[in-house]
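Biologist: Could you take a close look at one helix for me? Then place it in its chain and go on to the partner chain.

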Amino acid sequence: MSTSPSRRILVGVGNAGVTVLDLLSVECPGMTGLLAVNNDRDSLNASIVREKIEVPEGDPGEGFRVIDEEFGRTVEGASAVILCGGLGGETGSFLLTALAIRAKSAGLTTMACVGMPFSFEGKHKRDLAERSLEKLQEICDAVLVIGNDQLSGGSPSISAVGEAFVLSDRTLLAALLALTGMLSTSGPVKITRADIHNVLGKPGVLTHFGFGKAEGSNRLHESLERALKSPLLTIPGKGAALKESAIILLLLRGAKDISFAEVQAVVGKIEQIAGDNCQIKVGVHADGPLGSPLELYLLASSGGTIRKPAKPSESNETAETNSSNGAISSNSSISRTGTIGTIGTKLPQSTGGYEKPPEHSEGEKGTGELFPDQTKPASKFGKKAATASKQMQGTLALDTYQRGRFDKSEPTIVEGEDLDVPTFLRKGIKLNTPTRK
Amino acid sequence: MANEQIFVGLEIGTTKISVIVAEARADDQISILGVGETPSRGVRKGEIVDMETVTECVREAILDAEDKTNVEIGNVWVAITGAHLASFNNRGSLALPGERQIETEDLEAVEVNAKEVAIPTPNTFLHTILQAYHVDGNQNVIDPLKSEGALLEADFHIVHGIKTRIHNTLRCIESLKIGIEDVVLSSLASAQVVLSQDQKNYGALMIDIGGGTTDYLVYIDGAIRHSGVLALGGDHITNDISVGLRLPIARAELLKIEEGSASDPAVSQGGIISLKNDPRFLGCDVDRISLETIIHLRVKEIFELIRRDIESSGEGMIDLIRGVMITGGCSKLKGIAQVAEEVFDIPVELTRARNVSGATQIFEDPQYSTAIGLTKYARLVTKNIAPESMIDRLAHGLGNLFKKRSR
């Protein structure tokens with residue numbers, strides 16, 4: 001494997017890890033730096049990942065000694081190693097920690113993205129997973145934890161076991177994409193490793209992760225709404241998890257035309273929900289072809305021994321604007337006043353991403369208030385958002401005017417849409433407003 | 001127990017609370033003696049959000065029914081709805097060692113087996129409805145009792161919902177010192193009087209569109225295959241009109257009832273509807289096409305959601321449905337049948353309680369289908385089960401919720 005200094009290597013460990021890397025290769029065909037490590041020959045042979053290391057079957061400790069050197073060579077010179085896999089199994093639990101120690105001792109930035117077992121997989125697995133997680137959190141610079149049980153909390157309990165694992169793999173994939181995406185925000189301003197370490201690097205923290213993907217004219221709102229609805233973003237009984245978090249990492253990835261206004265709108269909305277004591281770190285990856293969907297990732301944590309966020313001095317650096325292709329790769333720390341740090345001169349114009357609906361006045365007013373004017377007193381909105389999120393477990397309350405009399409009732413959400421909002425508004429149909437006498 | 005019995009059905013709806021007092025005659029005919037009714041307050045989307053207010057409304061409705069029928073109401077059958085209710089089909093199986101005769105206990109055991117499914121912790125079972133028995137792979141045995149076999153299997157349609165929300169309904173009624181005979185899924189109650197046995201056998205979809213919820217039920221080969229609740233109803237149409245045309249809710253409701261139509265606005269007669277001034281409302285001219293667009297989109301969406309839900313809950317199920325029956329207060333909306341026909345592509349009929357007698361203006365109104373259905377359901381259940389096992393059944397169903405009171 002040839003290694004360039006800025007290369008990061010994604011290591012899929014065990015069956016779950018390899019499956020996730022396969023999904024990743026399908027999702028992002030050009031992605032390099034993938035490595036599959038497993039003791040299951042069939043799983044490795046079936047995998048489409050090019051670089052593979054086969055661990056001999058049997059005692060995982062013995063197996064690791066055999067591959068130790070090969071693994072060391074492969075990751076040598078990498079800028080970061082991200083391990084990914086499921087905890088709880090003998091292979092995953094042991095190898096993940098062993099590889100993490102190996103990578104860390106080679107002086108590499110080491111992160112892990114791991115899934116905790118479903119409770120139906122048994123207490124033994126759960127205990128093993130918890131012990132391994134503890135170790136991983138000690139060793140790694142950052143550990144992103146996906147609790148499978150929390151995942152199933154959002155879907156019907158009678159869904160097939162197979163489906164539950166597919167969902168878990170898909171979520172691990174998204175988490176991996178989020179981590180790599182945040183690491184690779186380039187330019188003078190980015191979500192730094194220190195930021196990720198601040199959020200995920202302390203032992204015992206509870207990871208909160210949400211992601212959403214949407215396209216079309218309302219992509220921003222829809223992707224944010226989906227991200228906020230993620231079952232991994234909520235603390236049961238405590239309302240929105242974001243409120244508990246000191247730092248929130250936000251990554252937007254999508255087409256070149258992600259606009260300044262969109263970034264500002266989404267940050268404003270998250271501020272409303274997260275409250276006053278929270279620092280938002282933004283990364284934007286706007287290099288996809290026009291029309292590609294907008295992906296939004298939220299990463300935060302609570303509990304553990306979180307350091308107070310460092311002074312946001314480094315965030316005052318200016319964002320870089322690549323004016324030749326209209327892509328922005330920017331990042332900024334947002335202070336509570338709601339202003340985004342200085343962003344370069346030539347920003348691409350909003351090209352329909354966050355469009356105001358047709359001139360129909362209700363719609364206009366509605367969308368306007370959805371991402372309210374930043375000049376309005378933040379506290380009032382912060383409070384309102386807080387109550388709303390408590391009632392609805394992190395779902396985003398749509399604008400009062402749109403929901404009309406259903407403003408205060410439990411929302412009817414089917415297939416991801418808030419059906420209390422009139423159908424014609426959601427479909428963007430223009431009406432003739434009545435003429436007053 | 002006498003052959004003639006009085007049954008009371010109570011529906012706590014989003015729009016109104018109705019109490020139907022009916023007499024079941026020896027020939028199984030249900031005869032309605034009267035209806036008590038109050039506009040509902042404190043109910044949203046079929047669920048109680050304000051206990052005290054609802055309790056007061058229920059009291060008024062019960063008193064109204066007692067006044068009108070001269071029957072003292074002691075026990076009621078209660079309909080329940082709400083988006084928290086969910087359903088699925090499951091098969092229970094029981095191995096009979098040494099190929100012996102099937103006994104009543106075996107039938108109970110197979111039902112228990114079918115219920116051994118993980119439902120979310122806050123939930124409780126509401127109904128376990130038998131679909132069919134199979135003995136040694138012999139499909140659809142009508143009555144397996146006393147037949148010989150090695151393996152007894154049974155398919156059930158299981159309905160469950162959030163325990164605390166079901167309890168809220170019960171507590172509200174019990175606080176009025178009224179006994180509860182049983183809690184019945186709204187759509188199951190409506191189907192008892194809206195669908196004929198032929199329709200159930202032939203394959204039918206019943207949709208009950210009310211104020212706050214739309215309840216639906218699929219019958220195929222005489223058994224329930226699917227049920228669902230959408231927290232969408234007439235209130236949403238009214239709200240859409242209010243938002244879209246900038247009218248107060250009350251005025252929007254009136255406009256929906258007087259002029260509303262769900263038909264495709266493409267075939268609209270068009271024109272202007274003139275709303276007159278009244279003391280609290282400044283009159284205006286409303287574009288008819290806009291009004292019809294709002295209603296059409298919403299109604300069509302409701303039917304499309306139901307269609308998609310049925311499609312995703314069982315392969316090929318939608319193709320076995322031969323007819324759609326629409327009932328509930330909102331079925332009075334003009335043009336609603338055509339929209340359903342467009343979405344489901346099978347014959348659609350607007351319907352109401354059938355095979356009942358009594359005060360005609362009551363059972364001819366589709367908004368009473370559920371409450372009337374409750375009395376019919378009550379008749380069917382009590383007729384087939386001896387009183388003692390009825391109590392057992394209740395005890396099994398929802399724990400010690402039901403303390404039987406003297407009739």
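Modeller: Helices (H or I, at least four residues) and strands (E, at least two) are DSSP runs, numbered from the N terminus. This is a predicted model: local features need pLDDT of at least 70, side-chain atom pairs count only at pLDDT 80 or more, and totals for chains, interfaces and linings use all residues. Residues are numbered from 1 along each chain as its sequence is written, while chains are lettered from A and ligands numbered from 1 in the order in which they are written.

Start with helix α4 of chain A. It covers residues 90-105, which is 16 residues. From first C-alpha to last, α4(A) reaches 23 Å. That is close to the 22 Å expected at 1.5 Å a residue (1.5 Å times one less than the number of residues).

Is α4(A) mostly covered or mostly open? It is mostly covered, with 12 of its 16 residues buried. Buried means 20 or more other C-beta atoms within 10 Å of a residue's own; exposed means 12 or fewer, partly exposed is in between, and C-beta atoms are placed from the backbone. The buried residues include F94(A), L95(A), L96(A) and L99(A). R102(A) is buried too.

Now the whole of chain A. It has 14 helices and 18 strands. Of its 437 residues, 49% are buried. Take its contacts (C-beta atoms, placed from the backbone, within 7 Å) with a separation of 6 or more: residues 24 or more positions apart account for 75% of them.

Next, chain B. It holds 12 helices and 19 strands, and 48% of its 407 residues are buried. Among its contacts between residues at least 6 apart, 69% join residues at least 24 apart.

The two chains touch. Chain B gives 32 residues to the contact and chain A gives 25. On the side of chain B, β7 (86-101), α6 (234-245), β16 (284-287) and α8 each supply at least two residues. The largest share, 7 residues, comes from α8(B). By class, this side has 18 nonpolar, 6 polar and 8 charged residues (Ala, Val, Leu, Ile, Met, Phe, Trp, Tyr, Cys and Pro are nonpolar, Asp, Glu, Lys and Arg charged, the others, Gly among them, polar).

The largest nonpolar core has 113 residues. A core is a set of buried Ala, Val, Leu, Ile, Met, Phe, Trp, Tyr and Cys residues joined through C-beta atoms within 7 Å. Helix α8(B), residues 288-313, gives the most to this core, with 9 residues. Another core, of 99 residues, lies apart from it, with L173(A) and F211(A) among its members.

Chain B also has an open sheet of 4 strands, in the order β7-β10-β8-β9, with antiparallel pairing (strands pair if DSSP finds at least two bridges between them). Its edge strands are β7(B) and β9(B), and each pairs on one side only. Strands β8(B) and β10(B) are joined by 11 bridges. Across that pair, Y133(B) stands opposite A154(B). Helix α3(B), residues 163-174, packs on the sheet and touches β8(B) and β10(B). The direction of α3(B) makes about 75° with that of β10(B) (axes are lines fitted to C-alpha atoms, for helices over the stretch in contact, and angles run from 0 to 180 degrees between N-to-C directions).

Definitions and conventions:
Two residues are in contact if their C-beta atoms, placed from the backbone, lie within 7 Å.
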